Amino acid sequence: MQMEELVALCRRRGFLFQSSEIYGGLNGFWDYGPLGVLLKRNVKNAWWNDMVESHNEMILDQGAPSTYEMTGIDCSIIMHPQVWKCSGHYDLFHDYMVDCKESKKRYRYDHVKGRWVKGLKHGEAGTAAQELTVFITTMETEETQQALEQAAMKFFGLRKKDLESLSWEGEIESISSLDDLSQVVGPDAHHPGTLTSPREFNLMFKTTIGALGGEDDFSFLRPETAQGIFVNFKNVLDSSRIKVPFGIAQVGKSFRNEITPRNFTFRSREFEQMEIEFFCHPEESEKWYQYWRDRRFKWYTKMGLTSDRLRLREHEQAELAHYSCGTADIEYAFPFLPEGEYGELEGIAHRGDFDLRSHMEGKLVREGDQLVLQKDANGQPKYRGSGKDLTYFDDQRKERFVPHVIEPSSGADRATLAFLCDAYTVDKAPTAEKGADAERVYLKFHPRLAPIKAAVFPLVKKDGMPEIATEIYAELKKHFNVQYDEKGAVGRRYRRQDEIGTPFCITVDGQTVQDGTVTLRDRDTLEQRRVKKEDLLSELNDRMRM
Ligand code: ATP
């Protein structure tokens, strides 16, 4: 599938629009249109329902070390600035960036890729050609070598047929692997050596609190929902009868001032996360980590991401954050990535007792295999914690401990994008349907995710058909999102619904008037069955639960 086709469909049919489009758009921000809002809400509802609401704490889930409880929370986006100092985000949540002195553009250090190349540089008229070895770069992730050839042609002043005169050396690599940038030709530059040394750039959006707010009254828009859960750990314990092991879930907006937002909604500056912090006894944490990793992977497959584009990848030791005892990513091979590359949908991390201890004691750093309080130049704690007791007393074990945390952290927008990419299907030779185009494009969403669950059509606008169809529509509408459509040939109406992923179409025809049956058409198989009007609701309910 070509990504451009999906992006065009999303815009045309009202799934996604660029934010502030009439003013030229705002990079890294997106708006969900009438169908997009339904799709994304269905993704979040399916997650909340499967992880929190329908979870039964009395029954042992397959693979779970024991029974457990789940609950939810909804925290504020702006929190006390100390939260971000103790969590480590204030000091550590940054990316490196480089600026180009020539093009005045800014790039993420690890995103600029390139390759060494030797060739004759043709200067302006009258000057002699000069042999040069430079590191040509690009920001393109797709067809990187092709993009580098384009850039090299521009730099050396060559025509396509002269490309063979260049000698490429080594593999494509990121500029962050080079020690010296003096021979690097920036992605939009004409000369080598115009990129500055990398600088740290904090990804949190800073904001001022209150009308009179000065430098001391700043805080941040949260870059993740997780910290709200940690700082409310004691409130949840004290206000409910919940016992470890248990999880607290939260769905909400997060903000990161990404240096190079791109790839549609994949890397945005405002996005939604669906996070669980699961609290357990330290001795059990390894088993809970494995449980959540496998459970979360299965959830995506259950929601229809069954293709081999989905994978579970355990991090190497060197990739782990300083506090983590294990992390796995659930990844999807998005069509905008180069062949063989995957993008993260969700990370499942074993975070040990790092977070609760940080909010008790202050910012922690690793020393050998210990987490210790970070000190300033005077030997005082660099950032003080809340000083509140965030330990847990287990009355069965008769033991007090700081629970360990397993964190399945996923992005609602990335999941929605993966469901869209995976659902996009082109059927070149579908069964003929009256008045429809030869090619059929459909979104093969799981019925739980489909924005519209069913569409009701009268075959023609006469002979009592519209009246019966309206009645069916009104009845079904009480239960799910249904559309009514009586315009155009029925085949074209089918195609319109296919393109937005409606799993079922119901057509009222001449036979309905006589025997009370309608046709129920399946989006994926195109099979049409006659069903009694009064059985439609239970039939749809059964199929929706698939
Ligand atoms: P990446 O390495 O892609 O920047 P990350 O490892 O920083 O992601 P986490 O901090 O683990 O991401 O965040 C958890 C989840 O939140 C990610 O798996 C992703 O689904 C989502 N997410 C993170 N950053 C963004 C973003 N800029 N745009 C959209 N979703 C995001």
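User: Which strands each supply at least two residues of the shell around the ligand?

Analyst: They are strand 14 (270-280), strand 17 (343-352) and strand 22 (404-411). Strands here are DSSP runs (E, at least two residues), numbered from the N terminus.

A word on the model. It is predicted, so local features need pLDDT of at least 70 and side-chain atom pairs count only at pLDDT 80 or more, while totals for chains, interfaces and linings use all residues. Residues are numbered from 1 along each chain as its sequence is written, and side-chain values use heavy atoms, with hydrogens and water left out.

Now the shell. There are 15 residues around the ligand; a residue is near when one of its heavy atoms lies within 4 Å. Arg256, Glu258, Arg267, Ser268 and Glu344 come nearest. By class, the shell holds 3 nonpolar, 6 polar and 6 charged residues. Nonpolar covers Ala, Val, Leu, Ile, Met, Phe, Trp, Tyr, Cys and Pro; charged covers Asp, Glu, Lys and Arg; the others, Gly among them, are polar.

Next, individual atoms. Glu258 places a polar side-chain atom 2.8 Å from a nitrogen atom of the ligand. Ser268 uses its backbone instead: an N or O atom there lies 2.8 Å from a ligand nitrogen atom. In Glu344, a side-chain N or O atom is 2.7 Å from an oxygen atom of the ligand. Taken alone, the ligand exposes 590 Å², and the protein buries 79% of that. These areas come from the Shrake-Rupley method with a 1.4 Å probe.

Notes
A polar contact is a pair of N or O atoms within 3.5 Å; within protein, one must be able to donate a hydrogen and the other to accept it, and residues adjacent in sequence count only if both atoms are side-chain atoms. Helices (H or I, at least four residues) and strands (E, at least two) are DSSP runs, numbered from the N terminus.
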